[in-house]
Amino acid sequence: MSATPDIGRPGAPVGAPAPARFRLAVPEWVRGLRPGVILAGLIVAFFVVAMIVPSLLTSQDPYAVNLSQTLESPSWAHIMGTDQSGRDLYARIVYGARQSLLIGLGATGISVTIAIVLGVLAGLGNKWVDGIVSRGVEVMFAFPVLLLALLFVAVFGPSATTEIFAVGIGTAPGYARMVRGQVLATRDSGYVEAARALGHPYGSIVRRHIFPNAMRPLVVVFTLGVGQAIVWAAGIAFLGLGIPPPSPEWGALLNAGRNYITQAWWLEVMPGLAIVVFALSLTTLGRFVQQRLEGGVNR
Amino acid sequence: MGTFAETPGTTAIGVKPRRAPWLKRIAWRVLAAIFVLWAAATFTFFVQELLPGSKATLILNQEHGTQQTYSAKELKPVEERYGFDEPVTTQYFNYIKGLAHGDLGTSYQQHKPVLTIISEEVGPTIVLTVTSLILAWIFALATILLTARRKRAVSALGSGWEIFSAGLPYYWLGVILLVVFSIELKIFPVQGGTSVEGLVLPALTLAIPLAGFIGQVTRDEFEKVLDQPFVTSARARGMGDLAVRVKHVLRHAVLPAVTLSGWALGALISGAVIVETVFARPGIGQMIVTAATNRDVPLVSGVVMLVAFIYVISNILVDVAYAIIDPRLRG
Amino acid sequence: MSTTVNEGTAGEPRLLDPENRHRQQDLLRVENLRVGFGEKRDVTEIVHGVSFSLAPGECLAIVGESGSGKSVSARTLVGLTGGSSHVSADRMEFDGRDLLSFKDRDWRGLRGKDIGFILQDALVSLDQLRPVGKEIDEALKLHDWGPRRERQERVIELMELVGIPEPEVRAHMRPYELSGGLRQRALIASAIAMDPKLIIADEPTTALDMTVQAQVLEQLQAAKARGKALILISHDLAVVSQLADTVAVMAGGDILEYAPAAQLFSRPEHSYTQRLIEAIPSAESRGARLSPVERKASLGTARAYEDAGAPVLKAERLFKHFRGPDGVTRTVVNDVSFELKQGETLGIVGESGSGKTTTARLALALLEVDGGGVTLAGEEWSGLPERERRKRRADISVIYQDPLSSFDPRWTVEQIMLDALGEGYDSKAARKARITELLEMVGLEAEHLPRRPLQLSGGQRQRVAIARALGPQPRVIVCDEPVSALDVSIQAQVLDLLADLQDELNVSYLFISHDLGVIHHISDRVLVMCDGKVVEFGDADDVLLRPHHPYTKKLVAALPALERPEPTGPRPFGRPPRKGRPAPAGAPDYSEELAA
C-alpha cells in the first residue's frame, strides 16, 4: 500500500487488527459482563418469571388468610414475614409482580408513544411547529406526575387505569424533550447533509438516518423508564389512590403497610425493597446495554 | 469562530451587549409563562368536565355520605350555587377570570374558597420544599467537587452513589429513615410537627434522591469541562486542583443543573405530598390526598394550578440565573 | 504524576549527556526523558528517552505529527502530563533545580512564575465566562505579586506589552467579545504575566487565521528578543522556521533529528525530516508530488464531455444573508462570482468569517441563494426546485474537513460506498465490483469494506470520503477544507491523490481552504474572499505571487514561508513532476538526478 505508515495515536487501531491466536466463539458482549450486571440480569429474570409463572417461585398462596400467624417478623417459615391477616408477604410480593409490571409497561407505553410523536414533530418541523409543540410540552411539565394522579383520582376515582394514565402522561414530557433533542442533533449532523448532497430524498433520509440514529440511544432510556413508572405508580397507590386491597400489587401493599410501620416495619420495607431492587436492576442492565451499543458504534 | 459583528483583520472594539434584545427576551419569557398558565388552566378545567356523572350529585353525596341519585329539584340549588347550570363556555370564562384574580374556586367539601384553605396549610410544605432543594444542592456539589475525576475507585463510588440515590422512591427512603432513626435509634421524633427536629428526616428524604439526580447531570458536565484547555491554562498559571474546580469548572458545569432546578421545585412539592404522609407532617400533602379521595375537584385543581404557577415562576428565575452565570446568553 | 530518576544498569558508569547536547549556559537540561501512561501494570510508553537543552534567549522547536509525543514531552516540564502518567529521566534540570524531585507544591510555584505555558486557540484556552483582565490577573494573584491596585496596573501594562489597544476597556471584555488576534494576545499576556524565564508554546498557531498566526509569532519573537527562552511545539515546519534556533524532529516518541535550524532546513539528514519538508505544500511545490507514495497504476478513465470548453460550474453575483442570534442580519456572501472549467481546480481562500464555506454550500445548492444564481454544466442549478435538482446531484459531490461526522455512525465502509452508487447497476455483484474499484482508486483495499470508520485512521477516512464522492461519477467535487485536519505527511498523500484523480478523470475541484500554501500548491486559479466579498481572482501564481489587493498582500505576507537557506551541493531528494503538467518556471529540475 503506502510507504509511509499512517502514524496514528499510540494505542489507536490503525489498519487491520492483529489476528487473535486462540479464541473461543464467545461473543464480545459476554466477555464484558461484570458481576453487578449478572446480578441485575438475574433479578430482572426473577421478576419476569414472577410475572408469568408466580407459582414457580413460591408455594404459598398470597390470599390465604391465617389469623394465627398475623404480623410475624421475617423467619424461615415466612422469609419476609406476614401481614395483618397472616398472609405471607413474600408470596404476595411475587404474585403482585404481574400487576405492577403490567402497570409499569402500560404507563411506559403511553409515555413513549406521546414522547415520540411530540418529539419527532418538534424536531423535524419548522420553527413554528417546533415552537407550538415545545410550548405544549412545557405545559405538560407544569403537571408533576403525582399531582396529575391526584387530579385524575379526584375526577375519575382511584383505579389501575388512573395510575397508568397519570404516570404515562406525567412522565411523557421528559422523554419528549429527549426525543426532540436527539432528532435535532441528528437532523443537523454531517451525515444527513452528506446524504442530501448525494441526492437522497427527504423521506429516505428520515427513515434511514435520522430516525435510527435518534432513537438508538433512547431505547435504553425507555427501558429504564419502566422501572421509574413502577416507582411512580406505587407511589400513587401508597397514598391510597390505586388498586384497593386485597390486591398484592406492590403499591397496594405499600398502602396496606402504612398503618403498621411502628409495629411491623417489614410490611412497608419489603415491598419497597422489591420496587427499588427491580428498578435498580433495570437501570444497571440498561446502562450496560447502552455502553455496549455505544462502544461498538460511537466510541 | 468569532462573533458575528467582528471584522477580521481590524482591531475593532468588541460588541457591547445591547439593551433591547435582553429586555425583549424577558418580555417573551413572561408571555410564554402566561401562555403556559392559561393552557394549564384550560387543561385542568376540561379534565374536570370529564367527570363521569353530574357534579352536583357528587357534591350532595359527599355531603350526606351516601351514594344515591337525586331529583332535578334537589340538584338545582347546588347547581346554581356552583354555576353548573350555565353553558360550558361561560363556566370556562368565569374560571379563567377567577384565576386571573386569584380565585381558585370553592371547595366542594369544605365550602370555603380554595385559596384560603391552601394558604392555611401550605406554610410547612414550602419550608420543607425549600430546605430540601438547598440541601440537595449542597450534597450534590460536595460530592462532585470531591469525587469527580479522582482516583478511579473514588470517582466510581461517587458516580455509583448518585445513580443509586437518584432512583430511591420517597416513600421507601422515608420509611427506612423513619424506622432507623426515629423508631429504633430514637434520635428524631416520630411525629415532629413543624419543629426543626421534625424537619430533618423529611428534608433528607426529599433531598437525597434529588441530590443524586443533580449530581448525575452535573458530574457529566463537570468531567467534560475538566478536560477543556482553559482549565489547563489555569493550572499552568499555578492554580491548585481544588481551586481550579471551584473557580473555573464549577461555573461552567452547573448550568444544566440550574435548568433542572426550575423543574425540581414543582417536583419537590409533589414529592412533599408523599413525604408528609410518611412522616405525618402537617402541610398541604395530607390535605390534598384527602381531597382527592373525597373527589373534591376544585381543591385538587387549585393545588395543581398553584404548583403550575410556582413552576412557571421558578423557570423564569432560572432563566435569569442562567443569564447571570453565562453572560454569553445575554444577547 | 510520578517522576523518578533512572538508575543506570548496575556496574556501568552512567553517561551524562551521551549525545553531547548540553552547554555551560543552559537554562534547561533534559536527558533520557521517558513518559508512559496507564495504571500499574498496564503502562504504555509514549516517549522513549528524549534529550534536549535550552539556553536563555534561544528557541527550541519540537516538531512532529500527531502521536509523536512532542506535546507530552513539553508538558513534563510543568508537570501537567496528567494523573495516570509516569515520567522518568536521567536528568531534568531547570534553572539549577531538579524537576524530578518536585512535589505538587513545587510545581504550583513553578508554573506561571518561572515557566509560562501558552496553549492554542484562546477561544478555548481562556475561560469564556470571565473577563480577560481577570484571567491575566489570576497569574499575578496566584503568586502573590502584590495588592489589587498594583496588580490591576500591571495587567494594563501587560496588555500594552502584547499590543492590545485601549487595554482599560478591553480588560473587562470576555474572550468571545474580542477579535481573534486580540484574544490570542490576551492569552499570551496571561502566560507571561510573571515574566517567566522559559515560555512553552504548545501549538500556538494551529487553528488560527493566518493573520492572527502572524501576530502570535510576532509576540513570541518579541519575547525571545527580551531574553526569554522559548520552546515551540508545532506540526507546522514553516511556522517553526521563523523562530527556532534548534529543531528537534519527533516521531513515535523518539527524537529522530536534532540540529540547528539552519542546518536542518537546508540539509536534513534523517529521511523522515526530508519527507516532512517535502510534504509542505507551497508555491515551490506546484507541479510536484508531495509524498513518496507511488501513483496508482490505473485510476479509471476520464469521461469526455461535449461542452469541454465551457465552464462546468458558474456562479453569478451570489448573495446570502443570515440573521444572527443578536437579531442583526449579516450578508455572509456578498456579490460573489466565479467560474470553474472542467478539469481545473479553483481554490477559494479566506480567513474565518470570509464566507467561503457558505459559498461552497451555495454552489452545492445545500443552501438557497438570496440573490444571483449558479449553473452546473451549463444548466440552471440554484434556481431549480429540489425535486429536479436531486436528479442531477450526481454531477457534483462534496468532501468535508471531518469525514467522520459525514458518515452515519452505524454504517460500515461497504454500506457508505453502496449508498453513494445510485442507479445504473443491475446486480449486487456489479455494485460490489464498482465499490471495490473505487476503493482501489483511492489507495484502499477490499478488506476495508467491512470496517467501520472509527476503526480507520484519519487519512483512511478521508480516502473513503473521496471514494464516496467519486461514486456518482461527478464532474465537480467541492472540497471543503479536506486536508486541514490531517497530519502533514497524510495531507501530502491526500493532495497527491486528488491531483492524480484530476489528471486521470478530468474532474474539477472547488477547493476551499484557509491555508495559502495548500491553495497555491493545488489550484489553477484562485479566488480570495474577505468579509463575504471577492477581493481578488485570477491565476494562482498571479494572485499569490503578485497580489494587487491590500488584503491579499496582507494574507500573503502573513504566510510563514519555510526559511530555507540556499543548499550547497546537489539536493539529495526530489520528486517526479505530476503527469501532464509543466513544471512551474523556476522550479529545480530533478530529472537528471532521478535518471541517475
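Tutor: Gladly! Keep in mind that this is a predicted model. Let's begin at the end of a helix: just after α8(C), G227(C) has a positive phi of about 95°.

Student: How many residues does helix α8 of chain C have, and how far does it reach?

Tutor: α8 spans residues 210-225 of chain C, which is 16 residues. From first C-alpha to last it reaches 22 Å, close to the 22 Å expected at 1.5 Å a residue.

Student: Which residues of α8(C) are buried?

Tutor: Among them are M210(C), V212(C), L217(C) and L220(C), and also Q213(C), Q219(C) and K224(C).

Student: What about a helix with a bend in it?

Tutor: Look at α5 in chain B, residues 114-147. This helix has 34 residues and reaches 47 Å, close to the 50 Å expected at 1.5 Å a residue. A kink of about 50° lies at V122(B), shortly before the proline P124(B). Just after α5(B), R149(B) takes a positive phi of about 50°.

Student: Now strands, please. How should I think about their side chains?

Tutor: In a regular strand, side chains alternate between the two faces of the sheet. For β4(C), C59(C), A61(C) and V63(C) lie on one side, while L60(C), I62(C) and G64(C) lie on the other.

Student: Are those faces of β4(C) covered or open?

Tutor: Both are covered, with the residues on either side all buried. Six of the six residues of β4 (residues 59-64) are buried, so this strand is largely enclosed by the rest of the structure.

Student: Which strands pair with β4(C)?

Tutor: One is β10 (residues 229-234) of chain C, parallel to β4(C) over five bridges. Here I62(C) stands opposite I233(C). Another is β11 (residues 246-251) of chain C, which also runs parallel to β4(C) and is joined to it by five bridges. In that pairing, G64(C) has M250(C) as its bridge partner.

Student: And chain C as a whole?

Tutor: Chain C has 21 helices and 22 strands. Of its 596 residues, 51% are buried.

Student: Finally, how do I read a place where two chains meet?

Tutor: The size of an interface is often given as the accessible area lost when the parts come together.

Definitions and conventions
Residues are numbered from 1 along each chain as its sequence is written. Chains are lettered from A and ligands numbered from 1 in the order in which they are written. This is a predicted model: local features need pLDDT of at least 70, side-chain atom pairs count only at pLDDT 80 or more; totals for chains, interfaces and linings use all residues. Helices (H or I, at least four residues) and strands (E, at least two) are DSSP runs, numbered from the N terminus. The expected span of a helix is 1.5 Å times one less than its number of residues. A residue is buried if 20 or more other C-beta atoms lie within 10 Å of its own, exposed if 12 or fewer, and partly exposed in between; C-beta atoms are placed from the backbone. The bend at a residue is the angle between axes fitted to the seven residues ending there and the seven starting there. Two strands pair if DSSP finds at least two bridges between them.
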